[in-house]
Amino acid sequence: MPLNLPVLDRPTTSRDRPVVALVGNPNAGKTTLFNALTGLRASTANYAGTTIEKRVGSMGLSQGRAEIIDLPGLYGLTAGTVEERLARDVLMGAHTEHKPSAALVVVDATNLARNLYLTGQVRELGLPMVVALNMMDLVESQGLRMDVAALERELGAPVVPVSARSGKGLAELRSALEATMQSSGMGEVPEPLRGCSACGGCPHAARYAWAEDVHDKVLRGQVALSASATERIDRWLTHPLLGLLAFAAIMAGMFISIFWLADWPMGWIEDGIAALQAWVGARMAEGDLRSFVVDGVIGGVGSVLVFLPQICILFLLICLLEDTGYLARAALVMDKLMRRVGLPGRAFVPMLSAHACAIPAIMATRVIEDRRDRLVAILVIPLLTCSARLPVYAMVTALLFAGQPVLGALVFCAAYVLGATAALVTAWMLKKTLLPGQSAPFLMELPTYKMPSLRTALLTVLDRGVIFLKNAGTVILVISMVLWAMSTYPKMPEDRLADYATPEVMAQVRALQAQLADADEATAEELSAELDAIHGSYAMRYSMAGRIGAALEPVFAPLGFDWRINVGVVSSFAARETLVSTLAIVYAADADAADEPQRLRDTLHEKRRDDGTAAFSVPTSLSLLVFFVLAMQCLPTQVVTRRETGSWKWALFQIGYMTVLAYTAALITYQAASQLV
Amino acid sequence: MSSSATTLNVVQPSPDTFSLDTLASGHCAIVCEIDASNGDLQRLQVMGVCVGRRIAVVKRGDPMIVRVLGARLGLSLELARQVRVTPVDRKPCCQSHA
């Protein structure tokens with residue numbers, strides 16, 4: 001290329017495929033229109049060299065197809081933010097081989113004056129342009145009349161009323177686009193609009209004056225009282241006290257729904273994975289390869305898939321809430337509290353998503369414009385309890401408080417609160433030390449309340465789910481395979497068992513072997529299984545993973561962990577949820593016990609360490625819980641942090657400080673609990 | 001007490017203007033000047049809080065809610081204090097559809 005322009009990750013279209021750039025205000029219904037025009041033929045990538053998402057899709061015209069690029073939502077093209085500069089660049093042809101064939105501007109008809117500001121700027125670029133006047137159905141239902149022809153005259157561009165949600169007007173939109181792209185040019189920019197940029201004073205002022213002027217000319221009628229329904233609702237939802245209560249109630253409702261709804265699909269996935277493992281296992285010869293495929297690969301894939309329901313449901317609910325317009329109010333209500341710890345109210349939605357999974361949450365911090373604010377949010381988000389920690393919480397809670405569901409639920413909640421508190425305190429400390437400064441002051445549009453679109457939400461969830469699988473899935477799968485290797489090799493020969501097992505266990509083994517000699521077939525199977533389990537547990541000690549666990553004993557002894565728990569802790573640095581199954585193996589619990597929490601808990605509860613003390617005493621269980629709440633045990637998160645912050649420095653800092661925090665907190669917990677219990 | 005004079009051209013706020021945060025709920029005004037730093041200034045302008053624009057207070061508080069160009073905006077008091085406005089009579093301005 002003659003010019004040193006940034007190169008797209010994917011090959012650009014050839015000249016025969018026209019490219020349409022979709023621009024508009026946030027909340028104007030741009031995404032809904034994009035989905036309506038492209039259906040499922042869309043994919044998400046990144047603009048080269050940035051973290052800004054680029055959604056590209058393919059839309060059908062009467063002759064052939066066009067590629068449509070969904071630019072980030074913006075209020076203006078004045079190049080104040082990275083998104084604005086990028087959009088301007090795309091419209092001028094800097095990110096593709098040539099300028100887009102047309103610009104499709106989405107205008108929210110219920111907010112005409114505000115939207116016309118951007119429309120005017122795009123018009124002045126001179127590109128072939130079509131305006132999609134969205135939400136016309138809302139305007140009509142409010143008793144207003146829009147003079148579309150007059151608007152076309154003022155803009156000097158075709159205007160097509162549409163309702164992206166219901167699909168009305170899309171056919172007309174497609175033909176208008178085609179006609180515009182095929183015509184020879186846009187003609188002159190109408191005089192009043194042209195005068196704005198020429199104006200010596202504040203260019204914004206002139207353009208806004210123009211926008212309001214056009215608005216007044218084109219819109220007839222008074223807004224019906226329903227518009228102020230938004231204001232009436234806001235009086236409650238943004239009330240200093242009631243707003244917070246409403247917010248707490250909505251959040252509680254959301255989380256409860258997620259856990260309740262996700263239960264079924266999670267159960268199906270677990271059953272499916274188990275069935276697959278059994279099916280494959282029955283068809284392969286016994287040996288390492290079978291173990292690798294069944295436990296390493298299928299087990300690894302399963303451990304990622306099982307979280308998909310919770311993640312998808314959480315995103316679905318967040319999308320729906322956002323579409324109604326409520327989340328902007330939630331950010332407003334939380335802003336004051338969050339600013340005290342140096343976080344902006346805008347960080348609220350990403351931090352909420354973090355309770356499903358930190359990876360999409362860190363990506364969602366892109367909505368935070370201020371760099372310092374964004375960095376703080378990224379650094380503290382992994383402290384919030386994600387879905388992967390829940391199996392560990394459940395196991396520890398059962399160990400501590402089986403049969404006392406109220407106490408168990410309290411411990412569960414306390415774990416969540418601990419994570420959230422740690423995040424807020426850490427943000428505050430970062431503000432005081434490494435990343436000083438005030439958060440950018442709150443400034444956010446509060447869109448009119450409206451009914452959410454299920455279709456848009458589902459398509460977004462699909463997109464996010466795929467991103468999660470690609471980001472987390474691949475890394476976790478690789479790690480599962482490595483872990484499998486580490487816990488299988490080196491293998492312990494039969495005769496070495498005596499080196500590691502205690503005299504009592506050896507006696508038990510000899511007794512079992514004696515029984516096996518003259519047992520019938522049925523009992524023989526049971527006895528063999530028991531022998532295998534004991535052997536398996538010590539084989540773990542012999543393996544690489546076990547040796548590391550043993551080597552770490554002096555490090556983790558003050559926390560109340562022994563080598564077996566260490567193996568679990570080390571392996572869960574790759575993926576948290578593996579702790580439960582790892583502990584099941586290493587404590588020689590029944591092979592199936594890991595799937596039945598009650599049975600596993602009963603087994604683990606009875607286990608004794610080599611020195612006779614209880615394996616899971618109360619102090620140990622508590623310190624294990626605290627460790628898991630705070631530790632950074634998710635390598636994919638580091639990868640995403642590095643990508644979003646642009647350097648490994650912050651990713652390493654993240655895992656460093658969290659490890660120190662987790663260790664210290666667990667240490668204090670164990671020592672304190674040992675004194676008290 | 002004048003505001004801190006860290007910029008070269010010290011501008012005393014015009015005597016008959018008020019800062020946005022002092023406006024009562026439901027009242028309208030026209031923006032006269034904005035005393036913000038460059039970054040904040042651009043953010044305010046691109047959202048419509050610009051010299052000459054009509055602005056109405058929907059709800060006081062921190063952050064407060066205002067209406068500009070027919071759209072609802074939440075903004076923190078810190079920013080509101082930097083926006084100077086001239087109040088106008090309620091009647092002709094800031095009808096719901098404006």
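In the predicted model, six cavities with a volume of 30 Å³ or more were found. The second largest cavity has a volume of about 220 Å³. Its lining is formed by 23 residues, and those closest to the cavity centre are Cys357(A), Cys386(A), Ala388(A), Ile476(A) and Cys634(A). Three elements of chain A each give two or more residues to this lining: helix 11 (288–305), helix 15 (358–364) and helix 19 (454–488). Helix 19 of chain A provides the largest share, with three residues. When the lining of the second largest cavity is sorted by class, 16 residues are nonpolar, four are polar and three are charged.

Chain B was examined separately. Its secondary structure consists of two helices and six strands. Read from the N terminus, the elements of chain B follow the order β-β-α-β-β-β-α-β.

Of the 98 residues in chain B, 47% are buried. Among contacts in chain B with a separation of 6 or more, 61% are made by residues 24 or more positions apart. The accessible surface of chain B amounts to about 4800 Å². Carbon and sulfur atoms account for 52% of that surface.

Technical notes. Residues are numbered from 1 along each chain as its sequence is written. Chains are lettered from A and ligands numbered from 1 in the order in which they are written. This is a predicted model: local features need pLDDT of at least 70, side-chain atom pairs count only at pLDDT 80 or more; totals for chains, interfaces and linings use all residues. Side-chain values use heavy atoms; hydrogens and water are left out. On a 1 Å grid over the protein atoms alone, a cavity is a set of points where a 1.4 Å probe fits but cannot get out, and a pocket is an open set with protein on both sides within 12 Å along at least five of seven lines; lining residues have an atom within 4 Å of a point. Grid points are joined across faces, edges and corners, and a volume is the space filled by probe spheres set on the points. Helices (H or I, at least four residues) and strands (E, at least two) are DSSP runs, numbered from the N terminus. Ala, Val, Leu, Ile, Met, Phe, Trp, Tyr, Cys and Pro count as nonpolar, Asp, Glu, Lys and Arg as charged, and the others, Gly among them, as polar. Buried means under 20% relative accessible area, exposed over 50%, partly exposed in between (1.4 Å probe, protein chains only). Contact means heavy atoms within 4.5 Å. Accessible areas come from the Shrake-Rupley method with a 1.4 Å probe; for residues, only the protein chains shown count as cover.
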